[in-house]
Structure formats: C-alpha cells, structure tokens
Amino acid sequence: MRSGAVWLASATPETVDAFLDGLSTNALLALPWLFEFWALPHQIAPVGAWKTWAIMGGRGAGKTRAGAEWVRSEVEGARPLDPGRSKRVALVGETVDQVREVMVFGESGILACSPPDRKPVWEAGRKRLVWPNGAVAYVFSAHDPESLRGPQFDAAWADELAKWPKGQAAWDMLQFALRLGPAPRQVVTTTPQNVGVLKSLLKNPSTVVTHAPTEANRAYLAASFLEEVRARYAGSRLGRQELDGELLEDAPGALWTLDLLERAAVKAVPAMTRVVVAVDPPVTGHEGSDECGIVVAGVVMEGPPQQWRAYVLEDASVSAASPEQWARAALAAMKRHGAERLVAEVNQGGELVETVLRGIDALVPYRAVRASRGKVARAEPVAALYEQGRVKHLPGLAMLEDQMMAMTVQGYAGRGSPDRVDALVWALNDLMVNPAQGWQRPQVRSL
C-alpha cells in the first residue's frame, strides 16, 4: 500500500501538475490536513473490530503523529461542529509534562496536526483539550494510576507505554475507565521494551499491531541523524530495539537480563581505587576474524571486600585488528584511564600476547590469565556481582551489553564469539572476584 505522498513524490512533474490543477480551491486548502493522503502505511488505523491498536516503531518512525491523527479522526465530524465517534478521550503518558509537551504541543502533537477551524483549545488549569464540537481530551500521568479511577472515556491514547514507571497499574486503571460508547478503543504508541505490560497487551486477541523502523520515516528526519545512529548502533541489540522497533525478550537462562543491566546504569562514577584494562585477543587479525575484546573497569575499595563496588568505564574493543593494532588500542585505553594493570587471556596467543605488548611498551604492568574453565563457569560469579548490585555501567556500552544478554547458562546464544564479555569477565575477576595476591591498596585518586 502506497500513500498519496509517496505516489506524488514518484510521479512525473506533468502528473503532479495535472493532479493539483484538477483540485478545487477548497480541496487544495484541505489537502495539507488530509492525513490519509500523506500517511505512511504503518500510520493508518487498521480496519476491523479491534480494541487496541499498538503502533510499535523505532525512534522518529512517526508514532506520535499517528497517535495525534488517530485522536483527530475519533473526535472530529464531517464539519467543524459535527460530533465525531468519540467525545471523551484520555491522553496518558509517562508524566503530565511529557503528555503536554509531546502529545499536545509537540511538533507532531494534536495541536500541530489540527486545521484552524477544528483546532482544540488547551485549558491549562484543567489539563484538558476542548474541541469546537464539544469533545474533550484529559491529560493523565502514568506515575499516578489512581487518577484514572473515576473518570470514564470512549477513546484513549497511551504514549510510550513501555516506559511507564507503574505500567501495569496505570494500564489496568485505564482499561476500567474506557467504558463509554458502544465500542471504546485506544491507540498505543511506543518504542518496544521487554516489559510485562506490553507483552501481555500484544498477546491479547483484541490487539492489532503496526510496525515500522526509524528509516520508514526518513523523509522527515535529518540525514545526519540516521547516518550517525546507524553507524553507532546498527546490528546491536539497542539498535534493533530503538531503531528497528523490535521487541527483544531476554534469552532463556540469560546470565544478564535487560532489567539487570538497566539497574546497573549510572551517568557518573566516583574516584576509583584501582583501574584495569582486560584484553581477550583474537586468534587471528584479519577481516572476518573475531573481535579483540578490550574492557576498562575500576573498583572503589571502601570497607570490607563484600562492600566494594566496580564500574565498567569503557568498551574499547576493536574489530579485524592485527596484534599490533589491538595492543596499541589496549595501551591507549590504559593511558586514558590511568589503569594500574593490563590483564590479557593467553590461551590462544601464549607468550606472543606479552611479546606484542612489551614490544610497544616494555614497562607495561601486565598479568597473563589462562582459562581453565568454560566461558559460562567463568561468567557466573561475575553475573552474581550484578545481581548483588555491586557493578555499575557508564553509558556507551551497547555492544558489550548485547553480548552480555546473549550469555546463558547453556552457553553463548549470540553470533560469533563473546569477546567483549570475556574481557569484562577477566577485568571484574581481577578487581572483585580474585584480586591479585599481595596487592597493596594505593591512595584513592581521581580519574
């Protein structure tokens, strides 16, 4: 199915001129407000007897515009003062501010999408929109599910459901409130996340789904934005979720779940007591070979060992690198973070690993480690530290976290080799699980 906009853009200039010349003056004035003509396929409401329309897509895929236009289609009649299908609408978002700034006043919000003769009036004191025909939309925050107890509606728009802090409770209260008219309906616009309320909704037989990646709406997005996010996140788990709009569930038996890593996220770190760089060298160094996992982590050693806290500072891994290239990358990471030690697995490279490193820096503080157990057995004690809340992550670790969530009790469920995870495990093993024997605590210093 092609939209009118797509047809118009691909038509010859002669065809476009003929089309526009054939429209009356009123039709020309109305054309910018006819969303059915301009909409992309995933923005058009499905036909049939559905209760919930879930629009799942990547960032910038046009979800907000679709939600706003659906509300318009519900409340507007054939003429400005004619009644529409719905008269009372609930607008629910993560916070009242986000509903107001995105769903109501946003560039793709209800006010921006409404033609002058049908534009609703915002009543700030009552937190509602009032249309010329008497239809009303009320604003609610998912932080306050109880505010939905009492009001009743015949339509609702729920934005970014997967982000709601009290998602299930707010969603349940909305369902009880959606009780006016012969067939109340609702639209959900969200970037999918692995949360129970969204997964339950998608399994409901009365739910219909449309889906689109970010690039489906590329005509309305900055080219530099698409280039940058695709270069940074393409192929990663975060990219599949935030750009492709895929609902990614935890792998069965995963050692690290999405929820666990979300709880580990921090924006800043304290002064480190000790910092190490861990390296998992590839067997070869040519295109198509495994990555060289390089992870920087630090520890704050305050109180007894069971109170120590570790912080993953950087994933400096490199792809298709020669031994000299990954060695220089690891040494550069040491310099950036002032690391005390470089830890490297030598099962594959043996003495070559140390030879390469010392060929660049003869005095590098170096410790060789050799795997005597399988990857899962080595990773489980480190995963336990996360469960205890003793490891935190700085932003920018998407590729590493993708590999972590693919590590299961049965083995690695991802593609290739989990080199980044291996490096992480060696770093946290050195800092937290089995600190080097005889190491003396230095003075706490700033990074």
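**Close-up views of a predicted model**

**View 1. The contact between helices α16 and α17.** Met399, Leu400, Gln403 and Met404 of α16 meet Asp419, Arg420, Val421 and Leu424 of α17, where contact means heavy atoms within 4.5 Å. The residues of this contact comprise 5 nonpolar, 1 polar and 2 charged; Ala, Val, Leu, Ile, Met, Phe, Trp, Tyr, Cys and Pro count as nonpolar, Asp, Glu, Lys and Arg as charged, and the others, Gly among them, as polar. Helix α16 spans residues 398–405 and helix α17 residues 419–433; they pack at an angle of about 90°, with axes 8 Å apart. That makes α16 roughly perpendicular to α17 (angles under 35 degrees count as roughly parallel, over 145 as roughly antiparallel, 65 to 115 as roughly perpendicular and the rest as oblique). Axes are lines fitted to C-alpha atoms, for helices over the stretch in contact, and angles run from 0 to 180 degrees between N-to-C directions. Helices (H or I, at least four residues) and strands (E, at least two) are DSSP runs, numbered from the N terminus.

The model is predicted: local features need pLDDT of at least 70, side-chain atom pairs count only at pLDDT 80 or more, and totals for chains, interfaces and linings use all residues. Residues are numbered from 1 along each chain as its sequence is written, and side-chain values use heavy atoms, leaving out hydrogens and water.

**View 2. The contact between helices α8 and α9.** Helix α8 (residues 167–177) packs against helix α9 (residues 196–203) at an angle of about 40°, their axes being 8 Å apart. The two helices are therefore oblique to each other. Gly167, Gln168 and Trp171 of α8 meet Gly196, Val197 and Leu201 of α9. This contact has 3 nonpolar, 3 polar and no charged residues.

**View 3. Aromatic pairs.** The whole structure holds 6 aromatic pairs (ring centres of Phe, Tyr and Trp, the last by its six-membered ring, within 6.5 Å; planes under 30 degrees apart are stacked, over 60 edge-to-face and the rest tilted). Phe105 and Trp122 form an edge-to-face pair, 5.7 Å centre to centre with 85° between the planes. Phe105 lies in the loop between α6 (96–104) and α7 (110–113) and Trp122 in strand β3 (residues 121–123), so the pair ties together parts 17 residues apart in sequence. Ring pairs also link Trp50, Trp53 and Trp70 into a cluster.

View 4. Val295 belongs to strand β10 (residues 293–300). At 0% relative accessibility, Val295 counts as buried (under 20% relative accessible area, with exposed over 50% and partly exposed in between; 1.4 Å probe, protein chains only). Beyond four places away in sequence, Val295 touches residues including Val276, Val312, Arg420 and Leu424.
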